[in-house]
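Okay, thanks for coming, everyone. Let me put the model up and we'll walk through a few spots.

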Amino acid sequence: MNTIITKFIIFQLCIWLPITAGAYFSSKQYIDVQKLSQRLITINLISLESFIVLWTIWGLDLTPDLIILPFAGFTEVILGLLAGIAICTLTQCKGIQKHTFIISSSLANHGFTMGGFLCYLFIGEKGLALAFIFIIYFMPYVIMVIFSYARYVGTNAPFSFKRYILTPQNMPLYAVFAALLLHYFDIKRPIINIPLDPMLATSLTIYYFSMGIYFKFKDIKGFWKAHIMLALIKFIIVPLFMYFLLLFPQLPHDIKTVIQLQSFMPAAIYSVITSILFNLDKEMATSMFVVNTIVFSGIMMPLLIAIF
């Protein structure tokens with residue numbers, strides 16, 4: 001337990017310290033920060049992110065009865081997407097800001113640093129393993145749906161096979177397919193001590209530093225309607241829908257608990273990464289991510305601990 005808590009604290013430091021450093025660095029205006037952040041994120045996607053995706057999925061013990069978990073994850077982000085489309089008019093956001101809000105409404109922090117950690121707290125090691133299976137949906141959804149959507153509305157680029165399919169930004173998706181092929185041909189993952197924790201911490205640090213470049217405290221007040229609507233989607237609409245949906249199927253208690261816990265997760269870092277890569281409203285996406293995460297940490301997490 002102490003090891004998990006230590007890792008969680010380290011990963012949280014890899015979030016908030018780089019955000020602060022990025023905000024400080026951007027104020028100095030030494031170089032073109034937009035190009036810097038885009039390059040850092042693209043390099044991270046091609047290298048560390050792709051390897052982590054390949055290695056972790058390759059090492060999973062995939063069994064048929066667990067297929068409900070990634071489908072549940074996909075259901076939750078689609079529900080957030082639809083809720084964002086329906087509610088965005090109440091935020092009075094238009095143009096690029098509307099699309100930025102919709103993307104932030106869809107993507108949720110289902111990974112180790114939030115959803116996976118809570119699953120461990122409530123269920124133990126099995127909960128953490130189930131959480132990793134839950135997020136298998138994530139990279140295919142981000143690459144095929146969110147990136148394609150953002151690329152179209154952010155750059156007005158017409159569809160082409162090279163621009164939308166054969167792009168370095170899709171490398172994590174190719175890593176998913178490669179891992180599934182390795183499973184299909186029953187090629188076992190070698191027993192090698194890969195330092196995944198430092199790699200994951202480095203990857204997180206790069207992402208959050210790139211995001212911090214666009215974070216400004218004054219933006220919090222400017223997007224207050226978006227903050228309220230996003231909290232409504234993340235902490236009321238999606239969890240309530242999933243609660244009623246889970247009343248019907250006969251699922252093991254552990255699986256139901258993982259799905260319900262994950263339904264409460266705040267906005268994901270990938271909502272900001274998407275905005276940076278495809279020229280959406282980076283300041284708005286960053287502000288929504290930070291505020292939504294603070295609301296979750298300060299209000300929703302204590303409530304979940306009390307309820308579960």
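Asp186 counts as exposed, because its relative accessibility is 52% (exposed is over 50% relative accessible area, buried is under 20%, partly exposed is in between, with a 1.4 Å probe and protein chains only). Quick caveats: this is a predicted model, where local features need pLDDT of at least 70, side-chain atom pairs count only at pLDDT 80 or more, and totals for chains, interfaces and linings use all residues. Residues are numbered from 1 along each chain as its sequence is written, and side-chain values use heavy atoms, with hydrogens and water left out.

So, Asp186 sits in the loop between α9 (171-184) and α10 (196-212); helices here are DSSP runs of H or I, at least four residues, numbered from the N terminus. Asp186 has a positive phi of about 55° and isn't a glycine. Most residues other than glycine have a negative phi. Gln92, in the loop between α3 (68-87) and α4 (96-106), also has a positive phi, about 60°, and counts as exposed at 57% relative accessibility.

Now, how do α2 and α14 pack? Helix α2 (residues 33-58) meets helix α14 (residues 269-277) at about 120°, axes 9 Å apart. Those axes are lines fitted to C-alpha atoms over the stretch in contact, with angles from 0 to 180 degrees between N-to-C directions. Residues touching here include Ile41 and Leu45 in α2 and Tyr270 and Ile273 in α14, contact meaning heavy atoms within 4.5 Å.

Last one: Met242, in helix α12 (residues 224-245), is buried at 1% relative accessibility. Beyond its neighbours within four places in sequence, Met242 contacts Ala72, Thr75, Glu76, Ile259, Gln260 and Ser263.

Note on methods: Helices (H or I, at least four residues) and strands (E, at least two) are DSSP runs, numbered from the N terminus.
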